[in-house]
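Please look over the sequence and the model shown here before reading on.

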Amino acid sequence: MQNQLFINGRFVDAMDGATIDVRNPHDDSVVTRIAAADAADVDAAVAAAGRAFPAWSRMAAAARGRLLLRLADAIEDHAEALAQLESLDTGHPIRDSRALDVPRTAACFRYFGGMADKLEGSVVPVEPGFLNYVQRAPIGVVGQIVPWNFPLMFTSWKMGPALAAGNTVVIKPSELTPLSSLRIAELMAEVGFPDGVVNVVPGYGHTAGQRLAEHPQVGKIAFTGSTGTGRKIVEASQGNLKRVQLELGGKGANIVFDDADLDAAVNGAAWAIFHNQGQACIAGSRLILHERIADEFLARFRALAESIRIGNPLDPQTEMGPLTSAQHRDRVLSYVGIAQEQGARLVCGGTAPADDALARGYYVMPTIVEARPHDRVAQEEVFGPFVTVLRFRTDDEALAIANATDYGLGSGLWTKDLSRAHRFASAIRAGMCWINCYKRVSPGSPFGGVGQSGYGREMGFEAMHDYTEARSVWVNVDAVIPPHFGR
Ligand code: NDP
């Protein structure tokens with residue numbers, strides 16, 4: 001298990017020797033102690049990435065792609081160990097780490113490995129006699145700050161397009177969950193990535209993260225995390241006017257109409273909120289039910305929620321593990337009181353499990369509350385296994401409730417009415433909409449939000465473009481330009 005910073009191709013201690021304990025969310029034990037990067041370490045990482053940039057950006061795009069493809073293979077070769085590490089560090093049930101996190105990480109690196117030599121420029125039809133072509137040039141050193149909810153997968157979402165496009169990277173994982181990104185760095189070194197192309201600097205947000213966001217030699221900062229921290233990133237980025245991409249919070253509307261296939265909708269709604277203990281920006285955390293089916297739906301949804309197997313994430317039977325930190329568990333549970341103070345009805349959950357075997361871990365029972373659209377639990381991101389139920393009578397009302405939030409990331413709807421499905425997909429203010437499914441992601445499909453959920457897109461050509469600058473080149477082929485001045 002790597003527990004040092006990865007700078008210029010080597011694992012090193014922090015310059016001031018600082019460390020942070022990494023805890024197992026299942027039982028609060030210390031798994032390891034990792035080096036904690038401070039501003040000076042971030043400076044060293046940025047300098048290394050700057051030195052690596054000229055050669056990396058001039059390397060044949062196909063050769064960069066080949067390294068990403070080799071990395072994807074290496075991830076698959078070490079799949080089981082990576083899955084165990086991710087579950088130990090984050091609390092993801094091992095069955096999800098095996099079936100989702102690891103394969104999706106490999107698939108995303110592979111997708112961008114294949115894309116490296118497919119990013120084309122364009123030729124613009126301009127006046128006769130001139131040729132104007134547009135190249136997509138890499139930005140330079142990019143900083144990436146990722147949170148603790150999907151730390152392994154986010155290495156590929158963030159680094160895949162950045163590296164394929166020819167940038168070099170300094171990535172700061174959350175100090176709560178740094179282990180899988182350090183392992184990815186080790187695999188990158190093994191498969192032949194040149195020194196300095198990728199640097200990993202776990203550390204606190206207000207020190208290491210802040211320095212990366214403000215660093216004058218960083219050309220772009222890509223951030224995933226809370227909306228509040230996103231604002232701080234924008235402020236910190238102003239010094240050199242670096243480009244900013246923000247993937248922030250959400251309050252996903254998941255609407256169930258009265259013609260929906262209820263079996264599919266109940267299952268889909270449970271997946272939408274309880275997968276990864278609800279710690280997902282795209283979680284379907286507002287369940288908006290047509291009043292004609294609401295009681296039946298809620299009875300079935302509650303029964304399913306109460307049947308979810310909660311336990312040690314390393315047990316293959318476990319369907320829901322602990323939250324990632326004790327502080328976050330407390331924050332999630334505090335929303336039960338907030339809901340009740342505003343008159344919301346607690347349908348189930350709202351506590352830690354009674355099981356003594358889980359008493360030291362950061363567990364929270366699946367929690368359902370019924371509230372009104374403007375209550376805090378219908379507006380604020382709880383980011384846990386906590387879903388707010390709202391009821392509607394008409395389509396207009398459903399849309400108004402769905403859009404009554406400043407967030408706009410994931411959304412979903414369950415109906416057999418094709419026209420309504422497409423109408424809502426266009427009318428819901430969100431970056432993504434799932435119809436009769438929820439939380440589907442693919443490396444080729446743009447991922448990101450509107451409003452307080454941020455801007456810029458991950459995945460696909462959109463992400464590649466976001467990691468490049470358009471460079472316009474004019475060539476006088478055979479045009480005669482009359483003089484403007486003199487003779
Ligand atoms: P943050 O947004 O604070 O943290 C995300 C990342 O940003 C971490 O690596 C963090 O480091 C870093 N960071 C924190 N402050 C700064 C700063 N000033 N400059 C640069 N980087 C910084 O999320 P929290 O962990 O505090 O979680 C709070 C809430 O945020 C959650 O309850 C949830 O609602 C939301 N959230 C949303 C996520 C999403 O995917 N949209 C992901 C995570 C959280 P450090 O860990 O040291 O603070």
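This is a predicted model: local features need pLDDT of at least 70, side-chain atom pairs count only at pLDDT 80 or more; totals for chains, interfaces and linings use all residues.

Residues are numbered from 1 along each chain as its sequence is written, and side-chain values use heavy atoms, with hydrogens and water left out.

**Aromatic rings**

- Rings of Phe, Tyr and Trp (its six-membered ring) are paired if their centres lie within 6.5 Å, and planes under 30 degrees apart count as stacked, over 60 as edge-to-face and the rest as tilted; by this rule the count comes to 14 aromatic pairs.
- Phenylalanine 6 and phenylalanine 11 make a tilted pair, with 4.8 Å from centre to centre and 50° between the planes.
- Phenylalanine 6 counts as buried, at 5% relative accessibility, where buried means under 20% relative accessible area, exposed over 50% and partly exposed in between (1.4 Å probe, protein chains only).
- Tryptophan 56 and phenylalanine 193 also form a tilted pair, at 5.7 Å centre to centre and with 35° between the planes.
- This pair links distant parts of the chain, 137 residues apart, since tryptophan 56 is in helix 1 (residues 39-58) and phenylalanine 193 is in the loop between helix 6 (179-191) and strand 9 (198-200); helices (H or I, at least four residues) and strands (E, at least two) are DSSP runs, numbered from the N terminus.
- Tryptophan 56 is buried at 1% relative accessibility, and phenylalanine 193 is buried with a relative accessible area of 8%.
- One aromatic cluster is formed by Phe150, Phe154, Trp157 and Phe447.

**Charges over rings**

- A charge sits over a ring if NZ of Lys or CZ of Arg is within 6 Å of the ring centre and within 35 degrees of the ring normal.
- Lysine 220 lies over the face of tyrosine 467, at 3.7 Å from the ring centre, and lysine 439 lies over the face of tryptophan 271, at 5.7 Å from the ring centre.

**Salt bridges**

- The count comes to 29 salt bridges, each being a side-chain nitrogen of Lys or Arg within 4 Å of a carboxyl oxygen of Asp or Glu.
- Lysine 118 and aspartate 117 form a salt bridge whose closest N and O atoms are 2.7 Å apart; lysine 118 is partly exposed at 44% relative accessibility, and aspartate 117 is partly exposed at 41%.
- Arginine 393 and glutamate 291 meet through their side chains in a salt bridge of 3.6 Å, N to O.
- Because arginine 393 lies in the loop between strand 16 (386-392) and helix 12 (395-402) and glutamate 291 in helix 10 (residues 291-307), this pair ties together parts that are 102 residues apart in sequence.
- Aspartate 395 forms a salt bridge with arginine 420, with the closest N and O atoms 3.1 Å apart, and the pair links helix 12 to helix 13 (residues 418-427) across 25 residues.
- Aspartate 395 is partly exposed, with a relative accessible area of 21%, whereas arginine 420 is buried at 9% relative accessibility.
- A network of salt bridges links Asp259, Asp395, Arg420 and Arg423.

**Helix 6**

- The 13 residues of helix 6 should span 18 Å at 1.5 Å a residue, and the end C-alpha atoms are 19 Å apart, which agrees; the expected span is 1.5 Å times one less than the number of residues.
- Helix 6 is mostly covered, with ten of its 13 residues buried, among them Leu179, Arg183 and Val191.
- Just after helix 6, glycine 192 takes a positive phi of about 110°.
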